[in-house]
Amino acid sequence: AMTPGPSSAWHAALKVACRRPQGVDLSSLRLCTLAAEMIDAGVVDRLRVEGAELGLDPAAVHGAYGLAETTLAVAGTGVGKPLRIDEVDRTALAEAGVATPSVSADARRIVSCGPPVPGAELRVVAPGGDDLGDRGVGEVFVRCPSLLDGYVSEAGPIDPLEDGWLPTGDIGYLADGELYVTGRAKDIVIVMGRNYSAHDIEWAAERAAGVRVGRCVAFCREGEEGQVVIAAEVNGGDPTDVPREVWRSVSDAIGVLPREVVVLPRGTIPLTTSGKLRRSWVRQADASGRLRALALAVGPADTRTGTP
C-alpha cells in the first residue's frame, strides 16, 4: 500500500495513532510518502521511531516533490532507496545561499525529495538567471513531458514558461542528484540580511505548548522587513501563555525573536483545496484588521489580551 500526505497530516495522524494504538497496524505500508509541502525532518524522525512501534517499516518513509502544473510527480525516492536528511550550516544557508554540509548541533536538517522521476528535468537558478552547481540555493525550475502549456485567466492565456522551463517559485538546491527544498520564494522572511524560510519558523512555533500543529503562519508586514509576526491558532489552555512559549521555541530553534505573536481561535487560518496554509489570506487579514485575536503580544515584556 502507498499513502502520500504533507508533513502536517502525518504529524496529526501519528499523534492520534500513538494516543490510541489499539487496532493500528501500519505493516502493509510499502510507501509512506511526505509531499505537498516542505518536509519536516522531525516528522520523518517520529515516523521512523514511533511509526515502527505501530508496525511501520522505517525504510518505507520517503519524500517526494510534485506540482499541479506537471500533473504532480517531479521527484521522489522509491522503494528500496533510503530517504536522506541533509545537515547544512545554518549561517551559510541564510547569508550566502549555500548548503554547506555541517556536523554542528545547530545544523539545519533538510529532507531530500529524491531524484527526478523518469522524463523530468530539474535546474536550480540564481536570481540573475545563471544555473547553480551542486549545493547552490536558488529557484527550482522544472521541465517534463507532462508540463502545462499555460494558465487560463479572465484576462486571457498566461504563458509562465521560460524557454520551455517552469519557474516553480520554490527555493532549494541539488546535491548528489537529489532535490532539497528549503522554502518558497514568496515566503522567505529576511531578518538582519539573513534569509529564513517561513516553514522553519512555523515548525519551531508549533512545538510550543498551546499551539495547534499545522495552523501557524510566519510573515513580515509590508514596510516592516525584519520584524517577524507569527499568527498561531490556540490548541487549548490559556491563550495569554502562548506568546512566551512561542518566543522561547522560535528563539531556541532558529535564533530569531519574533516581534509579535498573534494568538487566534481554532479554525481561523484557512487552507487551500490541497491542504496548504493560505499565508496570503493571513497577511491580508492582518493588514485589514480582520484577525480576531484571543491574545496579542508585542515584545517579550509587553503582553496584552485582545478581544475574542
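**Entry 1: the second largest pocket**

I began with the lining of the second largest pocket in this predicted model, and sorted by class that lining has 13 nonpolar, five polar and three charged residues. The lining comes to 21 residues, and when I looked for those that lie nearest the centre of the pocket I found G97, V137, G138, I171 and N195. For the space inside the second largest pocket I noted about 410 Å³.

I then asked myself which element gives the most to the lining of this pocket. That element is α3, with four residues, and I wrote down its range as 90-96. Along with α3, the strands β8 (138-143) and β14 (194-197) each supply at least two residues of the lining.

**Entry 2: R108**

Next I turned to R108, which I located in strand β6, a run covering residues 108-111. Is R108 buried or exposed? I count R108 as buried, because its relative accessibility is 8% and the cut-off for buried is under 20%.

I looked up the partners of this arginine as well, and found that its side chain is joined to the side chain of D200 by a polar contact of 2.7 Å. Setting aside neighbours within four places in sequence, I listed the residues in contact with R108, among them D86, E87, R90 and D200, together with M38, V88 and L93. T182 and S197 are also in contact with R108.

**Entry 3: V181**

I placed V181 in strand β12, which spans residues 178-184. V181 has 12% relative accessibility and therefore counts as buried. Leaving out neighbours within four places in sequence, I found V181 in contact with M38, Y65, I110, C113, D170, I171 and G172. For one of these, D170, I noted a separation from V181 of 11 residues in sequence and a C-alpha to C-alpha distance of 7.0 Å.

Conventions:
Residues numbered from 1 in each chain as written. Predicted model: local features only at pLDDT ≥ 70, side-chain atom pairs only at ≥ 80, totals over all residues. Heavy atoms only, no water. 1 Å grid on protein atoms, 1.4 Å probe; cavity = no way out; pocket = protein on both sides within 12 Å on 5 of 7 lines; lining within 4 Å. Points joined across faces, edges and corners; volume = space filled by probe spheres on them. Nonpolar A, V, L, I, M, F, W, Y, C, P; charged D, E, K, R; others polar. Buried < 20%, exposed > 50% of the residue type's maximum accessible area, 1.4 Å probe, protein only. Polar contact = N/O pair within 3.5 Å; in protein donor to acceptor, adjacent residues only side chain to side chain. Contact = heavy atoms within 4.5 Å.
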